[in-house]
Amino acid sequence: MAKITDKIKEYTRPGYYEKFDYHWTMSIDLDRCTGCGACVVACQAENNLPIVGEKRFKERREMKWLRIERYWEGEYPNLKLKFLPMLCQQCDQAPCETPCPVAATYHNQDGLNTQIYNRCIGTRTCAVYCPYEVRYFNWFTYTWDEPLEQQLNPDVTVREKGVMEKCTFCVQRIRMAKDKAKDDNRRRVKDGEVTPACVQSCASEAMQFGDLNDPNSKVSKMTKNKRAYHVLEELNTKPSVVYLQKVEKHD
Amino acid sequence: MSISVGDAISSFKIPILMGVMVIFGFGIGYLINYTFFSDRSPVQPINFSHKIHVTDNNIQCMHCHAYVDKTPSAGVPSVKKCMGCHKAIATDKPEIIKLTEYWDKQEPIPWIKVHDVPDFVYFTHKRHIKAGIECQTCHGPIETMARVTRVSSLKMPWCVDCHTEKQVENGRDCVTCHK
């Protein structure tokens with residue numbers, strides 16, 4: 001009996017890690033989100049995302065690692081609009097990781113659901129398995145016109161045709177923060193040192209980013225909020241993005 | 001009656017000979033390419049010698065590659081830095097005259113990159129230098145080279161072997177090096 005329970009424990013612990021070194025987590029307060037879309041633009045600029053154009057957009061081949069979903073409620077005079085920024089949830093039990101035939105996507109020790117572009121062979125299975133629809137496939141090799149290639153971020157690869165891509169929680173910024181911490185002879189990154197592009201650009205500070213393993217970080221406090229929930233929690237994917245419910249007046 | 005292999009292949013003599021010659025030709029071609037035209041040791045626009053600078057004149061690596069412990073890239077010195085010394089030193093040598101021409105035109109020297117990693121690799125000199133790795137560990141006996149030759153393969157197994165051996169923290173995690 002003990003053996004069976006051990007087995008169950010082994011298979012239910014996040015990503016087969018006993019404990020993550022860092023557990024990078026993002027919290028999004030939907031009560032503060034105004035749906036301005038600054039995060040979408042920031043993500044686009046930071047991560048070398050191409051502008052696919054109208055034709056490709058109609059073919060549903062747009063590339064937006066972070067998109068704002070709109071939910072309309074009610075009829076015209078009492079119309080309500082709700083926003084939900086949807087990005088890769090960095091699930092601790094990610095459905096996208098298991099089907100990859102080449103292990104191009106896997107869970108690392110920091111609780112990140114990583115995507116290694118040069119390893120990806122483009123089977124697109126992960127995109128099918130993802131319940132949040134946040135994986136994007138490069139159908140073409142996109143190019144940047146003459147002066148625009150100057151604005152590409154050198155810390156992020158420019159992806160080629162046939163490669164799956166998704167939000168990385170700005171892993172290049174995490175890497176830089178760790179680099180800085182090592183320079184200062186620190187073992188750990190301090191809370192607030194890592195800010196992904198979307199978090200940095202959020203005007204109403206709806207988004208917070210930090211380490212869940214640190215009980216004093218801003219994110220840990222946010223996750224203890226009563227309003228906190230995960231999207232599609234019933235799928236048991238254990239997402240690393242925590243949403244805080246919008247406060248509404250009920251009659 | 002005996003069976004001879006020679007009789008059996010006698011009608012195919014010419015194609016076999018041609019095949020052997022093609023293979024031989026490819027072998028020679030590969031050797032010529034490897035010794036003279038490979039990217040391991042390309043001929044640079046100016047015949048710069050690390051031997052003269054480092055071994056003979058005792059200039060430290062960091063004097064020219066000033067950013068090696070501060071940034072990901074070590075930094076190829078600017079023409080201005082070269083001219084800082086060569087305005088006065090060895091101005092009559094043919095290679096220095098070439099350098100002066102670049103300086104007069106105010107153009108950078110189009111060096112050919114010998115040690116290059118693909119765009120999807122994040123490599124930082126800073127971390128390696130701060131961890132106490134010698135330049136020679138990866139670049140070979142660079143201080144004795146008249147023309148820079150790549151000694152290491154700079155391929156992933158070569159990186160991972162060293163990371164494993166030195167037990168680098170998260171050294172085998174993909175996103176440590178892949179971006």
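This is a predicted model: local features need pLDDT of at least 70, side-chain atom pairs count only at pLDDT 80 or more; totals for chains, interfaces and linings use all residues.
## A tour of chains A and B

Over all chains, the structure holds seven aromatic pairs.

**Stop 1: a stacked pair.** Select A:Tyr22 and A:Trp24. Their rings form a stacked aromatic pair, with 4.9 Å from centre to centre and 10° between the planes. Are these two residues buried or exposed? Both A:Tyr22 and A:Trp24 are buried.

**Stop 2: a tilted pair.** Next, select A:Tyr229 and A:Tyr243. This aromatic pair is tilted, at 6.1 Å centre to centre and 40° between the planes. A:Tyr229 belongs to strand S9 (residues 228–229) of chain A and A:Tyr243 to strand S10 (residues 241–244) of chain A, so the pair ties together parts that are 14 residues apart in sequence. Colour the two residues by accessibility. A:Tyr243 has a relative accessible area of 0% and is buried. A:Tyr229 is at 26% relative accessibility, so it counts as partly exposed, because buried means under 20% and exposed over 50%.

Stop 3: What does A:Thr237 touch, not counting residues up to four places away in sequence? The list is A:Cys91, A:Asp92, A:Gln93, A:Ala94, A:Pro95, A:Pro131 and A:Tyr132. Show the side chains of A:Thr237 and A:Tyr132: a polar contact of 2.9 Å joins them.

**Stop 4: charges over rings.** Select A:Arg61 and A:Trp139. The charged end of A:Arg61 sits over the ring of A:Trp139, at 4.4 Å from the ring's centre.

**Stop 5: where chain A and chain B meet.** Show both chains. The contact takes 20 residues from chain A and 14 residues from chain B. Between them the two chains bury about 1,600 Å², and 47% of that is on carbon and sulfur atoms. How many salt bridges are there between chain B and chain A? The count is six. To view one of the salt bridges, select A:Asp183 and B:Arg127, whose side chains meet at 3.1 Å, N to O. On chain B, helix H7 (125–130) and helix H10 (174–177) are the elements that give two or more residues to the side touching chain A. Across this interface, 14 residue pairs are in polar contact, with both residues at pLDDT 80 or more.

**Stop 6: a loop residue in chain B.** Finish with B:Gln44, in the loop between helix H2 (13–37) and helix H3 (50–56) of chain B. B:Gln44 has a relative accessible area of 18% and is buried, since the cut-off for buried is under 20%. Leaving aside neighbours within four places in sequence, B:Gln44 is in contact with B:Trp111, B:Ile112 and B:Val114. Zoom in on B:Ile112: the side chain of B:Gln44 reaches its backbone nitrogen at 2.8 Å. B:Gln44 and B:Pro110 are 66 residues apart in sequence, and their C-alpha atoms are 8.3 Å apart in space.

Technical notes:
Residues are numbered from 1 along each chain as its sequence is written. Chains are lettered from A and ligands numbered from 1 in the order in which they are written. Side-chain values use heavy atoms; hydrogens and water are left out. Rings of Phe, Tyr and Trp (its six-membered ring) pair if their centres lie within 6.5 Å; planes under 30 degrees apart count as stacked, over 60 as edge-to-face and the rest as tilted. Buried means under 20% relative accessible area, exposed over 50%, partly exposed in between (1.4 Å probe, protein chains only). Helices (H or I, at least four residues) and strands (E, at least two) are DSSP runs, numbered from the N terminus. A charge sits over a ring if NZ of Lys or CZ of Arg is within 6 Å of the ring centre and within 35 degrees of the ring normal. Contact means heavy atoms within 4.5 Å. A polar contact is a pair of N or O atoms within 3.5 Å; within protein, one must be able to donate a hydrogen and the other to accept it, and residues adjacent in sequence count only if both atoms are side-chain atoms. Buried area is the accessible area (1.4 Å probe) that two parts lose on being put together, summed over both. A salt bridge is a side-chain nitrogen of Lys or Arg within 4 Å of a carboxyl oxygen of Asp or Glu.
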